[in-house]
Amino acid sequence: MSFKSVRIGRLAGIPVGVQPLWVLIVALITWSLGAVYYPDSVDGIAPVAAYSLGLLSALLLFASILLHELGHAVVARRNGVEIEEIDLWLLGGVARMAGYPKTAGAELRFAIAGPAVTLVIAAVFGGLALALSDSAPAALRALVEYQALINVAILVFNLIPAFPLDGGRVARALIWWRNGNVERATEIAASIGRALGFAMIAFGITGFAIGAPGGLWLAVVGFFVIVAARAEESGMHLRVAFTGREAGRLMSFPAVTIAASISVADALDDYFIRYRYSAFPVVENARPVGLVDLATLSRVPPDRRPLTPVGDVAIRDEELLVDEHQDVAELLERPAFRQVGRAVVVKPDGSSGIVSVTDVEQVLRALELASAA
Ligand SMILES: [Zn+2]
């Protein structure tokens, strides 16, 4: 369910991405506020003013959601979990974690941090709305009231106990805290979410059929909620299956390595075509320093290939050089590993192996088969 998001900047050092659908949502909000809300709230408002206020309101809403996500991010960091990216999509925002909270308490604090920020924003605008006297401009009052109401709506919506909404995490944290088993807690929280997702679809379609167009949106949300429940469950199974399993036991060893000084053209002929592996560790001074795969080499223009040493284009990411005792569950949480799909396992003597996401998935399938027997 992930559409490619466009990077728009950084917030507290965390990359912020926006999915193209968001532009559509901002446009829809601007349009509905400009066409209906502001003309209804402000007597005799000019259309240009109504739509401008609509756009301003949509952007303020956007800022409120970013602050909400920032709330999650700050608490995650304080609990030792880095935030890879803040992403704005159909249902608002997501703070994507690299890793996961280690205790039910940390999970609960992370989950409620966002709604807590939203509550503060709603209270600030709510207080402002009450403080504005009747003599204040009607347009200002309408703007402030809308922000108060929309933030209350965000708060309530986010507390629905279904992944990927914050309420789903809150539910998992509470069940986890009670039963002490994060895997079981995830399964229970996911089934609650799934049931709510099906209910949303049923209500949404019924509503749409009897003439409420908003029902369609509810059905779409229901669909995403069901998908998210599944993703959350399978992610947890992967994490549980590989916690305590070492990379050294999963790797293909020994790997054929490529010297950093060899040209890209020679690497293609002498390694990729000859051995038919999809990636190789790159070695410099008898130590692996990174890896290359076909995707990396394909980015070198053909006329540069005989002149470019493999070492110049190798993926040199410390996160992708691990020792034999590296916990595979922890490796799976590394963004670099998920992105590249492989890591180099370095033995003390400098020899190396490769562990790939495909290997991990294959072992998981075998484990599932074995446990079903
Ligand atoms: Zn949230």
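Guide: Start with a term: buried means under 20% relative accessible area, exposed over 50%, partly exposed in between, with a 1.4 Å probe and protein chains only. This is a predicted model; local features need pLDDT of at least 70, side-chain atom pairs count only at pLDDT 80 or more, and totals for chains, interfaces and linings use all residues. Residues are numbered from 1 along each chain as its sequence is written, and side-chain values use heavy atoms, with hydrogens and water left out.

Visitor: Is His68 buried or exposed?

Guide: His68 is buried, at a relative accessible area of 3%. His72 is also buried, at 2%.

Visitor: Which atoms coordinate the zinc ion?

Guide: Donors are N, O and S atoms within 2.8 Å of the metal (3.2 Å for Na, K and Ca); water is not among the atoms, so sites may look incomplete. Here they are His68 (NE2), His72 (NE2), Asp166 (OD) and Asp166 (OD), at 2.0 to 2.5 Å. In sequence the spacing is H-x3-H-x93-D.

Visitor: Where do His68 and His72 lie?

Guide: Helices are DSSP runs of H or I, at least four residues, numbered from the N terminus. An α-helix has 3.6 residues a turn, so residues three or four places apart point the same way. His68 and His72 both lie in helix α2 (residues 47-78), four residues apart, about one turn.

Visitor: What span should helix α6 have?

Guide: The expected span is 1.5 Å times one less than the number of residues. For the 28 residues of α6 (residues 182-209) that gives 40 Å, and the end C-alpha atoms are 40 Å apart, which agrees. Just after α6, Gly211 takes a positive phi of about 100 degrees.

Terms used
Helices (H or I, at least four residues) and strands (E, at least two) are DSSP runs, numbered from the N terminus.
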